Amino acid sequence: MTQDARGAVEAAARISYGRLLAYLSVRSRDLSASEDALSEAFAAALRVWPVAGVPDRPEAWLLTTARRVLSHGERHHRIRQGAAPMIELAYEEAHARAAPDFPDERLKLLFVCAHPDIEPAARTPLMLQTVLGLDAGRIAGAFLTSPAAMGQRLVRAKARIRDKGLIFEVLGPEAMADRLADVLSAIYAAYGTGWDAIAGAEDGVRGLAEEGVFLARLTAALLPNEPEANGLFALILYCEARRPARRDSNGAFIPLGRQNPKLWVRDLIIEAEGLLTRASRSGVFGRFQTEAAIQSVHVQRGVTGVTLTAALIQLYDLLASRHPGLGALVSRAAVYADGGKPASGLTFLDDLPPERVATYQPYWVARAHVLRLLGLAVDAKAALDIAIGLTEDPALQAFLAKGQGKTD
Amino acid sequence: MQYMILFTEPQTHFDMRNNPAEAPGYWGAWNAYIGAMAQAGVILNGDGLHGPHTAVTVRVRDGLRQVQDGPYADTKEQLGGYFVIEVADLDAALEWAARSPSAAYGSVEVRPVLPPMSGGAA
């Protein structure tokens, strides 16, 4: 019984944390207070449920309890201000109790996390904490920041939402497009593509892949008609599909071009293809759709046995002209080199600003690859040494040290 | 901002330095790392250190000198080297710490460097 009750609390926390917090904070407009109220509600559940039994609707119980905690705090606040009691809140609370379900407000929460007034470095951590309930320590580890600094960053961001009265809303179509791009970038940052660094993809955060998949799936489900939401989810599914092929049985790194397509997860590829097809019906350029299309070209090798370099060049050219991120520009150089144009590849690399590439590992991997194809072995070795020095993952270091640092 | 990054290593890795089969891989990894830092222009100074068995620790207590062979504390990981780097912020220093070979098998401590005391006598 006690064990059941504890399990029920844990299950509710895992499944419903983000929905509960979104619902509470959209109404209170105070993320910190809502988080505190929700954790008090969970603490109460751990005390009450083992004795009184698990309620029929655990989420509704948690919500009512959290709202009571919140309104208590609010009442104190209002009495100090000499305001009237909160009839409105009491009404809403009764309504929430009667309603069979409570509305899913997580989209509003995602949008407020990516608000232009929130510093970009805080957006992804804020999403991870509020939608998924991750603690600051875990987030700090993934982002390679000190836990204290990450905690402060999160507290500052929440205070800003409250003090500036940032509004929890789903925007009109125009503002929506800009903000959605920020929401999706923040989710992509959570997913990270560190494991794909050798192919020149944006080197990102490790260890939060699952959370990134969850957020991308959620956003695509909440915005089924937004091509870029589907594009990002497709991109992430393609990457996930290749996960089992990334390492051999000894944990050694295997680059994309040498992965065994039989190890790619077919169901995920099929789901990704479906999402990408649906997204592309809009006919509008999108960064994530294009990156997903690049992944789609790579996985075609599983069917056709060849990689269509010409198609990759076309897609990277498109990215370079419309969304020239550092990762895309570096990958483009490597793809040109693979397509028999290493001199163009080197020109592209030389054109990148030195201060942006000095510590960007994929750049040095690509540079070594391009220089080797040009027959400049000594320069290639020097670039490869820098790439190894910039590599954090020992498996990837070992792979590069073997001199196999091809970007294929 | 200046940070000192201190690399600590377990005895297994100090031993690699003199093992003909393992030394090239061990030093190769450090050379690549130091080369990358040099290329990025962040190094102010720094050195590798001989192993902990070469250390001598001195304390003066009640006017008596106490000298002991070995490092100041007997821990599984011992200081193997350090760098002082100039980078934008703590996050950038942590990036360099994470890339070091010993991050994967030992640990790396990052500390902000105190600015020099002004006015001589403090």
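Trainee: What covers the buried residues of H2(B)?

Mentor: This is a predicted model, in which local features need pLDDT of at least 70 and side-chain atom pairs pLDDT 80 or more, while totals for chains, interfaces and linings use all residues. Residues are numbered from 1 along each chain as written, with chains lettered from A and ligands numbered from 1 in written order. Helices (DSSP runs of H or I, at least four residues) and strands (E, at least two) are numbered from the N terminus, and contact means C-beta atoms, placed from the backbone, within 7 Å. The cover includes strands E2 (43-48) and E5 (77-86) and helices H3 and H4 (101-105) of chain B, together with chain A helices H19 (377-390) and H20 (394-401).

Trainee: Which residues of H2(B) are buried, and where do they lie?

Mentor: Buried means 20 or more other C-beta atoms within 10 Å of the residue's own, and exposed means 12 or fewer. B:Ala29, B:Ala32, B:Tyr33, B:Ala36 and B:Met37 are buried, whereas B:Pro24 and B:Ala38 on the other side are exposed.

Trainee: Which helix gives the most to the side of chain B that touches chain A?

Mentor: The contact takes 16 residues from chain A and 15 residues from chain B. On the chain B side, H2 (23-40) and H3 (90-99) each supply at least two residues. With eight residues, the one that gives the most is H2(B).

Trainee: How far apart are the end C-alpha atoms of H2(B)?

Mentor: The expected span is 1.5 Å times one less than the number of residues. For the 18 residues of H2(B) that should be 26 Å, which agrees with the distance between its end C-alpha atoms, 26 Å.

Key: Contact = placed C-beta atoms within 7 Å.
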